[in-house]
Amino acid sequence: MSEKLVNRFDPYELVSLLERGGVSHPAAQILVCLLVKGPNDSPELQNSCGIRQPEVSSGVAELVELGIVEIEEVRGNGRGRPRHLYSLCGGIAVTLEPILLRAHKNLENLAREISRLEQIADANS
């Protein structure tokens, strides 16, 4: 599955596009990692994304708030703390939908602000 996805997009380009769409750098890296590699825990995300644990926590929290990542508790041998496994709630289209909606809203707001600036400039020239 991951090889098919990687052939459809450049992971570095997707991280950059996500950031320009308002997603934080750690969240963008985590999202792409989950798209390419599938469900992962914090140590694996730290290693794969080259980020620290606090960045994993904040990035995952952002993605959970967007409704695109779910957290599963995985118990080991009954000892110690459970491990958290992070996974996407759907495929790439479902995953990108809330990000695209937010980007479109931001674009609409920017267009209104530009229009207002043009009105002010025209009225005062």
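Trainee: In which element is Pro26 found?

Mentor: Elements are DSSP runs numbered from the N terminus: helices are H or I with at least four residues, and strands are E with at least two. Pro26 is found in helix α3. The model is a predicted one, in which local features need pLDDT of at least 70 and side-chain atom pairs count only at pLDDT 80 or more, while totals for chains, interfaces and linings use all residues. Residues are numbered from 1 along each chain as its sequence is written, and side-chain values use heavy atoms, with hydrogens and water left out.

Trainee: Is Pro26 buried or exposed?

Mentor: The classes rest on relative accessible area, with a 1.4 Å probe and protein chains only: buried is under 20%, exposed is over 50%, and partly exposed lies in between. Pro26 counts as buried because its relative accessibility is 15%.

Trainee: Which residues does Pro26 touch?

Mentor: Contact means heavy atoms within 4.5 Å. Not counting residues up to four places away in sequence, Pro26 touches Ile51, Glu55 and Gly59. As for Ala111, 85 residues from Pro26 in sequence, the C-alpha to C-alpha distance is 28 Å.

Trainee: What of Gln29; with which residues is Gln29 in contact?

Mentor: Gln29 also belongs to helix α3 and, at 17% relative accessibility, counts as buried. Leaving aside neighbours within four places in sequence, Gln29 is in contact with Val15, Cys49 and Ile51.

Trainee: Which residues line the largest pocket?

Mentor: On a 1 Å grid over the protein atoms alone, a pocket is an open set of points with protein on both sides within 12 Å along at least five of seven lines; lining residues have an atom within 4 Å of a point. Here the lining consists of Pro11, Tyr12, Val15, His25, Gln29, Val32, Cys33, Val36, Lys37, Ser48 and Cys49. Helices α2, α3 and α4 each supply at least two of the lining residues, and the largest share, six residues, comes from α3. The space in this pocket is about 260 Å³, where the volume is the space filled by probe spheres set on grid points joined across faces, edges and corners.

Trainee: How many disulfides does a search of the whole structure find?

Mentor: A disulfide is a pair of cysteine sulfur atoms within 2.5 Å. The search finds zero. Cys49 is buried at 10% relative accessibility, whereas Cys89 is partly exposed at 40%.

Trainee: How many salt bridges are there, and which residue pairs with Asp41?

Mentor: Side chains of opposite charge can pair when their charged atoms come close. The rule asks for a side-chain nitrogen of Lys or Arg within 4 Å of a carboxyl oxygen of Asp or Glu. By this rule there is one salt bridge. Asp41 pairs with Arg83, and their closest N and O atoms are 2.9 Å apart. The pair links distant parts of the chain, for Asp41 is in strand β1 (residues 40-41) and Arg83 in strand β3 (residues 83-88), 42 residues apart. Their C-alpha atoms are separated by 7.1 Å. Asp41 is buried at 10% relative accessible area, while Arg83 is partly exposed at 39%. Beyond neighbours within four places in sequence, Asp41 is in contact with Arg83, His84, Leu85 and Tyr86.

Trainee: How many residues has the largest nonpolar core, and which have the most contacts inside it?

Mentor: A nonpolar core is a set of buried Ala, Val, Leu, Ile, Met, Phe, Trp, Tyr and Cys residues joined through side-chain atoms within 4.5 Å. The largest has 27 residues, and those with the most contacts inside it are Leu18, Ile30, Leu63, Val69 and Ile99. Two or more residues come from each of α2 (11-20), α3 (25-37), α4 (42-49), α5 (53-65), β3 and α6 (92-123). Helix α3 gives the most, with nine residues. Setting aside neighbours within four places in sequence, Val69 is in contact with Leu34, Val60, Leu63, Val64, Tyr86, Ser87, Leu88 and Cys89.

Trainee: Where is the place of Gly80?

Mentor: Gly80 is in the loop between β2 (69-74) and β3. Gly80 is exposed, with a relative accessible area of 62%. From Gly80 to Asn109, 29 residues apart along the chain, the C-alpha separation is 48 Å.

Notes: 1 Å grid on protein atoms, 1.4 Å probe; cavity = no way out; pocket = protein on both sides within 12 Å on 5 of 7 lines; lining within 4 Å.
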